Amino acid sequence: MASDALDNSVTLCRSCDLVIRKRALPTGVRALCPRCHTQLYDTPYCSINGMLALCITAIIFFFPANTYPVLELEFLGSMRTTTVLEGAIAVYQQGYWVVAIAVMTAAVIAPGILLVSILVQIVIIKYGLQHSFLRSVLKQALKLQGLLTQLTMLEIYVISFLVAAFNLADFATVSFGFGTFCFTMLFIMNLFLLREYDLEHMWSFLEQ
């Protein structure tokens with residue numbers, strides 16, 4: 001049924017403006033424009049079950065990533081550790097509340113809501129497409145997907161770990177904690193999940 005819905009849709013080539021009827025493609029196959037050979041669209045490598053596995057794995061890493069220390073700093077015999085949440089609170093206490101809100105949103109709130117949203121979408125697609133209420137929930141979740149993806153910026157926080165370690169290495173002993181491993185794994189799982197997530201493909205399930 002999903003392939004039938006896809007067969008009834010059209011797309012526009014970005015280079016030559018040729019209108020092309022879309023076809024369901026096998027996994028890993030990419031569609032090219034027949035006139036100018038520009039890439040048009042492709043299919044996710046993962047099935048819905050594969051995306052579900054990636055999403056659950058990311059959620060498992062989400063909680064320790066935000067509760068265990070991500071950075072351990074030893075200076076003049078004293079040890080200081082901090083988590084992502086403690087870092088945001090420290091920034092807020094310094095008076096930079098806008099930065100604290102940005103950190104909380106980009107590193108904690110948005111990624112958490114995004115993972116829950118994708119998990120709900122997948123569960124509804126697998127088990128709840130026959131219920132009108134669940135279909136409306138799926139529709140609202142798909143509408144918010146773009147905003148949540150833009151607000152999620154885990155890569156910036158990972159880079160900040162590396163920059164902080166490089167700048168502080170000359171003054172103190174810096175080591176990464178268990179939270180760093182979990183946060184890095186969360187970043188990798190989120191990266192692959194969003195790579196496999198195709199919004200148009202998810203919308204096609206509602207057209208069944």
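Two strands count as paired if DSSP finds at least two bridges between them. Strands are DSSP runs of E with at least two residues, helices are runs of H or I with at least four residues, and both are numbered from the N terminus.

Residue numbers start from 1 along each chain as its sequence is written. In this predicted model, local features need pLDDT of at least 70 and side-chain atom pairs count only at pLDDT 80 or more, whereas totals for chains, interfaces and linings use all residues; side-chain values use heavy atoms, without hydrogens and water.

| Strands | Bridges | A bridge pair |
|---|---|---|
| β5 and β6 | five bridges | Phe 75 and Ser 78 |
| β5 (residues 71–75) and β7 | three bridges | Glu 72 and Ser 175 |
| β3 (residues 30–32) and β4 (residues 39–42) | three bridges | Ala 31 and Tyr 41 |

In the sheet, Glu 74 also stands opposite Thr 173 in β7. Strands β5 and β6 form a hairpin with two residues between them, and Leu 76 in the turn has a positive phi of about 55 degrees. Strands β3 and β4, which also pair in the antiparallel sense, form a hairpin with six residues between the strands, where His 37 takes a positive phi near 65 degrees.

Helix packing comes next. Two packed helices are described by the angle between their axes and the distance between the axes. The axes of α4 and helix α5 (residues 132–151) come within 9 Å and cross at roughly 150 degrees. These two helices, α4 and α5, are therefore roughly antiparallel to each other. Angles over 145 degrees count as roughly antiparallel, under 35 as roughly parallel, 65 to 115 as roughly perpendicular and the rest as oblique. Helix α4 passes α5 in a left-handed crossing, meaning that the near helix is turned anticlockwise from the far one by less than a right angle, while clockwise would be right-handed. The axes of α5 and helix α8 (residues 199–206) come within 10 Å and cross at roughly 160 degrees. That makes α5 roughly antiparallel to α8, and their crossing is left-handed.

The lining of the largest pocket consists of 19 residues, of which Leu 71, Thr 82, Thr 83, Gly 87 and Ala 90 lie nearest the pocket centre. On a 1 Å grid over the protein atoms alone, a pocket is an open set of points where a 1.4 Å probe fits, with protein on both sides within 12 Å along at least five of seven lines; lining residues have an atom within 4 Å of a point. Elements giving two or more residues to this lining are β5, β6, α3 (84–93), α4 (97–127) and α6 (154–168). Helix α3 gives the most, with five residues.

How values were computed
Axes fitted to C-alpha atoms, helices over the stretch in contact; angles between N-to-C directions.
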